[in-house]
Each structure stands twice: as C-alpha cells, then as structure tokens.
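Please look at the model on the screen while I talk.

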Amino acid sequence: MQEVVITGPRQVAVRRVDDDPMTPHSIRVRSLYSGISHGTEMSFYRGTAPHFDHEIADGLFSERRDDTTFYPVRHGYEMVGEVIEVGPQVQGFEVGDVAWTGTTGHPDTFVCDTTVDGRPFFCERAPDGADPEAGVFLALGGVAYDGHLTSRLRFGEAAVISGLGVIGLMGVQLCRLAGIRPLIVVDPIAARRDLASALGADHAIDPTTTPVAEEVRRLNHGQGVDAVIETSGSWSALNEAVRCCASGYGRVVAVGFYQGAGTDLRLGAEFHHSSFYAMGASSILAINHRSAPAPGRAWDRDRIHRTVAGMLGDDTLSTAGMLTHTFPHADAVAAFELVDRRPEEIIKVALTYG
C-alpha cells in the first residue's frame, strides 16, 4: 500500500509499505477520502508538537534528554473507505460497506480492527444512505460533541462558540439542537461567520473590529454567558472566553490545541476575581469524556462516535460547505502547504483516492 508520512518539519512524502496483515476481527478497506487534521497533525508537520522535545512519564511532560526523533510521522485520523475484505469473526461489516475510521497515515488501503480494544481510534460503519465524505468529519464531530457534553449547557442557557472551524461549526449545530439562546459565535473570517449564522447562530462577532466580551454582555442583557466553547487554540481567544462568562457559574471549555507560551492569557484578572465580583468564568474545563465508562460516566468515546455517526448519517449534523478543498492523494504536499500557509481560505481539506 501507499501512505502519506511527515518526514520532517514541513516535509511530506508518499511512501510504499507492506500491506497490513488481516486478523479474524479486522476489515480491509480501500480509501476514498482522508481529512487532514488542522490541529494535532499540523503540529507534527510544523515540528511544534510537544512530543518532539518532551517525554511523558507519570502523566507529566518533561524535557527529553536523548536524541529520539519522531520522524517519519504517520498521522491523520479521518479516514473513509470501502470495505473490500472481512475477517471471519467480524460483525456489523460486509464487503461493499463504507467504513468511517481513525486509521492513521493516509494510506490508500488499510486494515482496521473492529474490536473495541484493538481499535486505533474508532471504526464505524457509515449509516445507510449517508454521504460517504461525511465520515471525514466524524472525529472532529466527536470532539464537538465531547465539548458540548463537558459544557453542561442546558436548554435556554446562553453560550459563545469561539473559533468556527469544523469543531466550532459542529458545536453551533449542537447548541441550536439543545435550545441554547442566545448563541453567539466569534471568528475573524467573514465566510465562517456567515456559515455559522446559516447554521443557527443568533449573533456573530468579528474579534478584529469589536471588543468581544463587551459585545457579548450587550447581546446578553448585560450578563456573561453560561459557557464558552473555545476551539481556536489561540491564547488571546481563551483569555477573551474567560471574560465572556458569567461569574460564579460560567464555564470555559478549552477544546483548542494551545501551543507556545500563554502570554495572552491573564488569569490574575477576570478569572481570579470572578468569585468576588461580576467578572468572568469560574472554571476552565478540558474535554473529558474520552475515557472508558466509569460509574456516573456513560459517555465514553465509542458512544460519542456512534452517536455522531448517526447524526451525520441522517443530516442532523450538516457538513454542507465545510469540505472546501480536496487534493488527489499524490498531491499531499500541496494539500499540507495549503493548510499550513493559507488557513483563512479553508475550513476542511481532504485527500482523495482513485
């Protein structure tokens, strides 16, 4: 098979490797689409991922003391393909089905384990009648759903969604389905704000021209909102998210991948004083439902992906207008360069397979 790998900072190549072996619980899939991750995968492409110069021990990142290199990196987790072989103990898949999976490496064919313990990330059969390319959005739809669950937003509460990439646009739809009002969105790119408004946002703010927290309070009867879901990965946006919340009970769900020094995040202002004055958020949360089921936690990652797959399949969650660019698998270099250099022109980029 052939797969895309990241060979160094801002370097991508297509290489030929041996086919993966089948197991009794696996399926072999011929690729149709694979999405490029604009967050985690691009951090490996740019050479900024913390894994390059840090190692993880006891749950902590510490500076790496050896010369270990992570290149070449197989990444990606947004695969769509047609099932061409089925292991004898597989249930729920047949030859000809469309599979939505988290297989890494952007391969033209791949083997995916269908058992829970053996999954690389997830492996879902596309619902009957679903547009196959909708599967490109399953992983990020799961992040959006996870963020929504973590926000604990209830019917009739007010919210802000900061950042209108795929996760933010999915979050807009989830909030609208959940009866969130007013629903306010923030993004510097006009086309993204327009799409969010078409999907149900009540108000859209351009942070480059309007003071965000002040405008949020004006739109919400002088109060901060119940929750902000921050997806952009910008430290300044995270700081503004804190300021947008109601004090005492407002929550920020930090979904974005924040890198570098957080010099624009000032926790000594609204966040610290929210317990005493009508300032900002009283808690900052990270998405937290991706672990195995535990008492009181029914939403593990498999249930999240299964739920989102159904919502994508029946168009409860729309992906219209989100897949803005596609490139043939052989042109992966150009696809990665577009995501890296001109993010303002795109929402989602995917590779296609002949």
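Helices here are DSSP runs of H or I with at least four residues, strands are runs of E with at least two, and both are numbered from the N terminus. This is a predicted model, in which local features need pLDDT of at least 70 and side-chain atom pairs count only at pLDDT 80 or more, while totals for chains, interfaces and linings use all residues. Residues are numbered from 1 along each chain as its sequence is written, and side-chain values use heavy atoms, with hydrogens and water left out.

Now α5 itself. Which residues of α5 are buried? They are V212, A213, E215, V216 and L219, where buried means under 20% relative accessible area with a 1.4 Å probe, protein chains only. Seen down the axis of α5, these buried residues fall within an arc of 160°, so they line one face of the helix. The arc is taken from the directions running from the helix axis to the C-beta atoms. As background, an α-helix has 3.6 residues a turn, so residues three or four places apart point the same way.

What do the buried residues of α5 pack against? They pack against β10 (159-162), β11 (183-186), β12 (203-205) and α6; contact means heavy atoms within 4.5 Å.

Take α6 next. The axes of α5 (residues 212-219) and α6 (residues 235-244) come within 8 Å and cross at roughly 30°. Axes are lines fitted to C-alpha atoms, for helices over the stretch in contact, and angles run from 0 to 180 degrees between N-to-C directions. The two helices are therefore roughly parallel, a label for angles under 35 degrees. On the α5 side the contact is made by V212, A213, E214, V216 and R217, and on the α6 side by E240, R243 and C244.

The second pair is α2 (residues 138-151) and α8 (residues 301-313), whose axes come within 9 Å and cross at roughly 115°. That makes α2 roughly perpendicular to α8, the label for 65 to 115 degrees. Among the residues that meet are Y145 and L149 in α2, and I304 and M311 in α8.

Last, V29, which lies in strand β3 (residues 26-35). Is V29 buried or exposed? V29 is buried, with a relative accessible area of 0%. Its contacts, not counting residues up to four places away in sequence, include V83, I84 and F110. V29 and D97 are 68 residues apart in sequence and 9.3 Å apart in space, C-alpha to C-alpha.

How values were computed. Angles under 35 degrees count as roughly parallel, over 145 as roughly antiparallel, 65 to 115 as roughly perpendicular and the rest as oblique. Buried means under 20% relative accessible area, exposed over 50%, partly exposed in between (1.4 Å probe, protein chains only).
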